[in-house]
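Trainee: Could you take a close look at one part of this structure with me? I'd like to go through the aromatic rings.

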Amino acid sequence: MVLESLGVEKYLEEHIESANYLFRAMKYKGPETTETKVGLRAHRDLNVVTILYQINQVDGLEVQTKDGEWINANPSPDSFTVFIGESFSAWANGRLHSPFHRVMMSGNKARYSVGLFSIPKPGCIIKAPEELVDEDHPLLFKPFDYAEYIRFYHTEISQKGESSLQNFCGF
């Protein structure tokens with residue numbers, strides 16, 4: 001649906017073939033206090049797409065708005081939360097937003113969730129299609145190897161400024 005909305009559905013097979021998938025169960029232990037504590041630090045996903053399902057109804061997921069405000073993301077029991085990763089944002093030449101999100105916990109109950117992560121295969125080069133680059137949307141990121149980006153992300157210099165992706169391959 002996303003590729004179709006961008007007018008680049010012809011890349012669907014290529015997109016599917018270029019990814020591995022990881023399914024992960026996550027537990028965030030309650031801090032056993034009324035004080036709110038970080039369960040997972042603020043970050044943007046580096047991958048392509050993340051689909052989250054909250055198993056129990058223990059809230060804690062927060063998303064940062066473009067204005068910098070943190071809001072609770074309290075999904076209904078039969079819904080999923082979908083995050084665009086930085087790799088997909090770069091591939092879409094910035095037409096998709098990869099939001100900062102975190103988990104903040106309070107109380108005694110643990111928060112359980114599961115996630116399905118779409119991750120570029122080793123050797124995959126992330127490059128915006130020509131159809132998404134024009135005068136109104138100049139190229140934002142140089143083509144990059146996803147594995148090299150992951151290595152860069154874990155360096156001190158990547159964490160300076162607003163975006164590690166911009167630090168790595170932005171113009």
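Is F168 buried, partly exposed or exposed, and what is its relative accessible area?

Mentor: Happy to, and please keep in mind that this is a predicted model. F168 is partly exposed: its relative accessible area is 25%, which falls between the 20% limit for buried and the 50% limit for exposed. The structure holds 8 aromatic pairs. One of them is made by F88 and W91, a tilted pair with 5.9 Å centre to centre and 40 degrees between the planes. Both of these residues sit in helix α3 (residues 86-91), 3 residues apart, or about one turn of the helix, and both F88 and W91 are buried. Now back to your residue. The ring centres of F152 and F168 are 5.1 Å apart and the planes meet at 40 degrees, so this pair is tilted. Here the pair links distant parts of the chain, with F152 in helix α4 (residues 146-153) and F168 in helix α5 (residues 164-169), 16 residues apart. Elsewhere, a ring meets a charged residue: R102 lies over the face of W70, at 3.9 Å from the ring centre. For the strands, an open sheet of 4 runs in the order β2-β7-β4-β5 with antiparallel pairing, and its edge strands are β2 (33-43) and β5 (70-72). Strand β7 (residues 101-107) is joined to β2 by 5 bridges, and L40 stands opposite V103 in β7.

Notes: Residues numbered from 1 in each chain as written. Predicted model: local features only at pLDDT ≥ 70, side-chain atom pairs only at ≥ 80, totals over all residues. Heavy atoms only, no water. Pairing = 2+ DSSP bridges. Helix = DSSP H or I, 4+ residues; strand = E, 2+ residues; numbered from the N terminus. Phe/Tyr/Trp six-rings, centres within 6.5 Å; stacked < 30°, edge-to-face > 60°. Buried < 20%, exposed > 50% of the residue type's maximum accessible area, 1.4 Å probe, protein only. Lys NZ or Arg CZ within 6 Å of the ring centre and 35° of its normal.
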